[in-house]
Amino acid sequence: MSTGPEAEQVLERPGVAGWLRAGPRGLALALLVFGGLVLLGLLRLAERPLFGMARPVTPFLTQGVCRLALIILGLRLVVRGQPMAGRGAVVANHASWLDIFALNAADRVYFVSKAEVARWAGIGWLARATGTVFITRKGSEAKQQQMLFEARLRAGHRLLFFPEGTSTDSQHILQFKSTLFAAFFTHGMNHVMQIQPATVIYHAPKGRDARFYGWWGTTGFAPHLLAVMAERHRGRVEVVLHPALEVDDFAGRKALAEACEAAVRSAHPAG
């Protein structure tokens, strides 16, 4: 997570009414997520031998679960634009763990995440089960990771990554790092791949700080999850899917990263 404009996120402790709201919501969310994982595992048993790396069925289940999860969490989803039709990847600004639900609900994607997430309790298991690609910062593993990245893209998986490299308070967008964009300029990938920029915009519940849904600083996942589930009023999350960019139209990874960042900023209140 980013240190953001402040080193620590201040969360209001829920009162009795907040706990009464959080309890049922937490139970419903747990049943939905883990029930969905069990069903996904069963579907993969049939999907894997028939289709190999391709996943023509399970992404629809993941998308449905994420849409229901947003309802439980009190977030209304608004999607503007259409998912791209061709092969490629999606890049988006990163504000919160809620991005996982919002972006999966808007499009059938697979996330690219730092390797540390795989070891996080609960979240790591969920990420692995849904086909997340884990990457490390070790230079010795860069070639192997790029090969995996390419294999998933060629299999038709729509990978989604966050070029900012960290989350923010939802009110700012950091400069996009161009490192992962390099995978689209090897072995002829640039001739067949597209990149679709996506902007995620959170609207806080009535009376709350505009940064309510942002997750940054030293704030733990559990306290932020509790604050969201205990909230009385509903919020809103918008996902703006911009027109896809042809990788072949750009001279290199830096130019492509800059164009994606400009598109994401164009729809965000931060500008």
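**Entry 1: salt bridges**

I looked up R208 and found a salt bridge with E231, the closest N and O atoms being 2.6 Å apart; the criterion is a side-chain nitrogen of Lys or Arg within 4 Å of a carboxyl oxygen of Asp or Glu. This pair links distant parts of the chain, with R208 in the loop between β6 and α6 and E231 in the loop between α6 and β7 (235–241), 23 residues apart. I worked on a predicted model, in which local features need pLDDT of at least 70 and side-chain atom pairs count only at pLDDT 80 or more, while totals for chains, interfaces and linings use all residues. Residues are numbered from 1 along each chain as its sequence is written, and side-chain values use heavy atoms, with hydrogens and water left out.

I then noted a salt bridge between the side chains of R208 and E12, at 3.0 Å from N to O. R208 lies in the loop between β6 (194–203) and α6 (221–230) and E12 in the segment before α1, so this pair ties together parts that are 196 residues apart in sequence.

E231 counts as buried at 4%, R208 as partly exposed at 33%, and E12 as exposed at 57%.

I also recorded a salt bridge between R211 and D209 (2.9 Å, N to O). R211 is buried at 19%, whereas D209 is partly exposed at 41%. The count of salt bridges comes to eight.

**Entry 2: cavities**

I searched for cavities, each a set of points on a 1 Å grid over the protein atoms alone where a 1.4 Å probe fits but cannot get out; lining residues have an atom within 4 Å of a point. The count is two cavities of 30 Å³ or more, a volume being the space filled by probe spheres set on the points, which are joined across faces, edges and corners.

The largest cavity holds about 70 Å³, and its lining includes L40, R55 and Y110. Helix α2 (residues 58–72) gives the largest share of that lining, three residues; helices are DSSP runs of H or I, at least four residues, and strands are runs of E, at least two, numbered from the N terminus.

The second largest cavity has a volume of about 40 Å³. I found E231 again among its lining residues, together with R25 and F212.

Terms used. 1 Å grid on protein atoms, 1.4 Å probe; cavity = no way out; pocket = protein on both sides within 12 Å on 5 of 7 lines; lining within 4 Å. Buried < 20%, exposed > 50% of the residue type's maximum accessible area, 1.4 Å probe, protein only.
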